[in-house]
Amino acid sequence: MEENLVIVESPAKAKTIERFLGKNFVVRSSFGHIRDLAKKNLGIDLKNGFKPEYVISEDKKKVVDELKKAVKNAKIIWLASDEDREGEAISWHLSEVLKLKESNTKRIVFNEITKDAILNAIENPRTIDKKLVDAQQARRILDRLVGFELSPVLWKKIKPSLSAGRVQSVAVRLLVEREREINDFKTSSGYKIIGLFKVKLDNGKEYDVTAELPKKFNTLEETRKFLEKCKKASFEVSDIVKKPSRKSPSPPFTTSTLQQEASRKLGFSVSQTMTVAQKLYEAGKITYMRTDSVNLSDTAIAMSRQTITNSFGEKYVQIRQYKTKSKGAQEAHEAIRPTYMDKDTTAGSNAEKKLYELIWKRTIASQMGDALLEKTNITITISTSTENFIASGEVIIFDGFLKVYIESSDDESEENGKGLLPPLKKGQALTMNSIEATERFTQHPPRYTEASLVKKLEELGIGRPSTYAPTISTIQQRGYVLREDRQGETRTFKVLLLKNSQIKESLKSEITGSEKSKLFPTDIGIIVNDFLVENFSDILDYNFTALVEKEFDLIAEGKLSWPKMIGKFYPAFHKKIESTLELTSKPKGERLLGIDPASGKKITVRMGRYGPIVVIGDKDNDEKPRFASLMKNQLMETITLDEALNLFKLPRVVGTFEGSEVKANVGRFGPYILHNNKFFSLKKGVDDPLEVNIDRAIELIDQKRVFDQNKLIKAFTEDAELKVLNGRFGPYISYQKENYKVPKSKNPADLSYKECLTIIAESKKKPARKKFKKTK
DNA sequence: CAGTGAGCGAGCTTCCGCTTGACTT
């Protein structure tokens, strides 16, 4: 018989701890929560004080059975789930399900996986904190009530299978409101003035100095006037200000900051970051990756000190303890850091290497000294104007943490590369080489990326490290949001150049508004959001989570009972659900665009059964209304009358090729060319079905033909339905509309008819694959 | 998949937070 059974949440953690504890201890994992509210109905007895009905989750039955066996064989059970609300609840559910007795059950907690921390925990056991468990139950029940009562309202009023919840609906709201800010944004322009000067110092050396006017001119007129004045001006250094400044390293990574930096520096999606981090964690290379804590264990700090000293020298060491700033942090774990600080790289996939190195650098930098800088601002007066030029420079006196890590910023326009200035003195005269005035435009607020949305959610205290990635993917799966690249547009801007006493005006062009991996709300996302904000403003409020968190805290302190809290919330909420079902009509987002000049009928945009459409006329008239779908990058909210009229120009005859008509149109999978009943997709962001010409169409048809030829690896005379094809995931066999993978051991080109049939038969023997849910 | 947009009805969908596999035609 084993003396002691320790139960933790994660199997990787179990493995590590078992090493620390020795022979008398067996360590098992619960794999997170083992039971949850029943999925049928609500799982909550509304007539009976909101009594929750808990069931053991299907995928946890095996785990529970094994834990039961392990309990039988142990004298003392140590419940070692995380030290936070959810962890406390996990321990409580375990003690209920495993029928643990108080006499031989101990609750222990540690928030770092080090030998000292664990031995210390064993020395200081406690009992389950039922008040904290109750706070978790309140959280769980509230979320279920909100989610399972709101979602069906959407099914009835908008579309089946939609969803709403405390976290996801606010995430969508952030995106919709940002999109509106962008639509409402009025761009204005001004002229930025940059002067290039030459200066000859006493030592005979000549230097270039670049200086900028701190203000922008609003109009071309003013700009020209200013340049005219500069023509005959003399320029002189009037002031030199040197200011020391310092930069401090950022704290070690939490889940959210790791997701942000991996997105900015490595281009990872939020879920990609988590998958790669999970791999590193399971391999024992980093600490736990779902954490809101910036804390480092004493051992980690000691290791960092050693590593920094060895690599860069003692003077680069500066030990720091960081404090978590984010709302609602529960700090059950350490920050995300390498397990062994002396390893600055790791083996593994490219992604694993890159992410590991990022984590290593960030952790090491967090224990290094501030960077010391000296900023210099030099004021240059203009004899003919009251304006001044400013030349600024920056010198690094001591690089400190910058030796290993520079944090990236979401703000792309941030200036970099301010360098060294020549040793100028007050009164020094400068010769003007040229002055350039460039028209610059104000930028609309940036669209969210996955990672910047996570950052915003964390700031609002909404969601947890374990749910950021799933939330981001849920709102995309529901069709509320698309993650997309968008091509920018060409914009022209004016440039005035003063050189050799002449002012030359020219037009230049730049690409603006291009977006990479940004989140765009869809029409459905906007309709759902507006409906929810209109009818359930309290839950959609950015402070809703913060408000209920305060009450959860009261419950955890024993100052409020959870049924009382839920009892206060639910009746009014439920009443609102019923009145909304009864009183509101289906929101279609209908908007009048104008009058069709050809027929004189009204043109409207609205949500149709299969997506957003524009309609000419209405049902009440004798004539059938005409319909057209919006293109993928058009929004109901912003489409104009002209754009709508263009949609009715499709399908459009492009020309003829090989004796048959070539047509352009937009289908469910985007714009396409139709020729001889065959479809050829138009290239996203390149071709426009309204403008594509016959030459381009033929080019696309040819390309597709070549592609299809390469697709076929082998066909068989025995059976025309059987083919070996080249696909996205490598070679496969296609037979009777089903696909089968070609084993890696076989060369697809050499497969015989018989071998193919064997492969098909083999793969049919395997248990039926879980079919992915069809998402429309 | 390359059209559709009516209306009825059965049966389904759905939340947030803990965890990891099992998937990848």
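Tutor: A salt bridge here is a side-chain nitrogen of Lys or Arg within 4 Å of a carboxyl oxygen of Asp or Glu. This is a predicted model, where local features need pLDDT of at least 70, side-chain atom pairs count only at pLDDT 80 or more, and totals for chains, interfaces and linings use all residues. Residues are numbered from 1 along each chain as its sequence is written, chains are lettered from A and ligands numbered from 1 in the order in which they are written, and side-chain values use heavy atoms, with hydrogens and water left out.

Student: What makes Glu515 and Lys518 a salt bridge?

Tutor: Their closest N and O atoms are 2.7 Å apart, and the cut-off is within 4 Å, so the pair qualifies.

Student: Why is Glu515 called buried?

Tutor: Buried means under 20% relative accessible area, exposed over 50%, and partly exposed in between (1.4 Å probe, protein chains only). Glu515 has 7%, so it counts as buried. Lys518, at 10%, is buried too.

Student: Why is Lys99 called exposed?

Tutor: Lys99 reaches 67% relative accessibility, so it counts as exposed. Lys99 lies in the loop between α3 (85-97) and β8 (105-107).

Conventions: Helix = DSSP H or I, 4+ residues; strand = E, 2+ residues; numbered from the N terminus.
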